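Here are my notes for your first look at this structure. Please keep the sequence and the 3D view open as you read.

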Amino acid sequence: MKKLQSIIAVMIAGLILLAGCNQSNESEEEPLDQNQEGQDEEQSATESNENDQIIGMAETFIDQLNEGKFDEATENFDETMAEQLTADKIEGIWNDLHNQLGDFIDQEFNTVEEVDGYQVVLITGIFNDDEVTFQVTFNENQQIAGFYIQ
């Protein structure tokens with residue numbers, strides 16, 4: 001939790017610095033077309049809502065793994081993932097993690113990245129003995145198209 005608070009504090013400080021820099025350069029820039037500004041804000045809001053949704057889906061996926069709900073966890077897999085990573089296989093992977101790293105304690109969202117048209121959610125998984133990074137990849141239909149553990 002302290003780590004998250006530190007990150008938030010750094011982000012706020014960075015925003016304050018950027019805001020100060022932006023004010024000093026405002027007179028040099030041409031005003032934006034109001035239509036363009038409104039479209040940019042609308043697009044940003046839409047992307048934010050989509051990100052919030054897939055972040056929630058990724059966190060739910062990790063929770064389902066932790067709770068032993070492997071069949072439910074695989075319900076949102078795309079066709080390729082469903083063929084390659086069955087509920088039994090993902091159960092084995094999760095049990096191996098548990099055996100190597102101890103009990104699962106918590107998860108912390110890191111970021112969402114876009115890679116080749118896919119949305120990749122990075123989440124830190126905190127176990128008793130170590131931490132891992134879960135990478136949950138979503139396709140354009142918001143189905144899980146990839147799952148990696150680093």
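1. **The core.** Start with the inside of this predicted model. Its largest nonpolar core has 26 residues. The residues with the most contacts inside that core are F61, L65, W94, F134 and F147. Several elements give two or more residues to the core: α2 (34-66), α3 (70-73), α5 (87-101), β2 (118-127), β3 (131-138) and β4 (144-149). Of these, α2 gives the most, with six residues.

2. **The overall order.** The protein has five helices and four strands. Read along the sequence, the pattern is α-α-α-α-α-β-β-β-β. Among contacts with a separation of 6 or more, 44% are between residues 24 or more positions apart.

3. **The surface.** Of the 150 residues, 27% count as buried. The protein exposes about 10,200 Å². Carbon and sulfur atoms supply 46% of that area.

4. **The strands.** β1 and β2 pair in the antiparallel sense, over 10 bridges. β2 and β3 also run antiparallel, joined by eight bridges. Follow V121 in β2 to see both pairings. V112 stands opposite V121, and V121 stands opposite V136 in β3. β2 is mostly covered, with eight of its 10 residues buried.

5. **The turns.** β1 and β2 form a hairpin with two residues between the strands. The hairpin of β2 and β3 has three residues between them. Look at D116, in the loop between β1 and β2. Its phi is near 50 degrees, a positive value in a residue other than glycine. Why is that worth a note? Most residues other than glycine have a negative phi. Is D116 buried or exposed? D116 counts as exposed because its relative accessibility is 72%, and the cut-off for exposed is over 50%. Q142 is another case to check: its phi is positive, at about 60 degrees, although Q142 is not a glycine. Q142 lies in the loop between β3 and β4.

6. Q107 lies in strand β1 (residues 104-115). Why does Q107 count as buried? Its relative accessibility is 13%, and buried means under 20%. What does the side chain of Q107 reach? Another is the side chain of D63, in a polar contact at 2.8 Å. Not counting residues up to four places away in sequence, Q107 touches E59, I62, D63, I123 and T124.

7. The protein averages a pLDDT of 80, and 69% of the residues score at least 70. Where is confidence lowest, and where is it highest? Helix α1 (residues 2-25) is lowest, at a mean of 35, and β3 is highest, at 98. Over residues 1-30, pLDDT stays under 50. For that stretch the model has four contacts beyond four places in sequence. Where pLDDT is low, the predicted coordinates should not be read in detail.

Conventions: Residues are numbered from 1 along each chain as its sequence is written. Side-chain values use heavy atoms; hydrogens and water are left out. Buried means under 20% relative accessible area, exposed over 50%, partly exposed in between (1.4 Å probe, protein chains only). A polar contact is a pair of N or O atoms within 3.5 Å; within protein, one must be able to donate a hydrogen and the other to accept it, and residues adjacent in sequence count only if both atoms are side-chain atoms. Contact means heavy atoms within 4.5 Å. A nonpolar core is a set of buried Ala, Val, Leu, Ile, Met, Phe, Trp, Tyr and Cys residues joined through side-chain atoms within 4.5 Å. Accessible areas come from the Shrake-Rupley method with a 1.4 Å probe; for residues, only the protein chains shown count as cover. pLDDT is the predictor's confidence in each residue, from 0 to 100. Two strands pair if DSSP finds at least two bridges between them.
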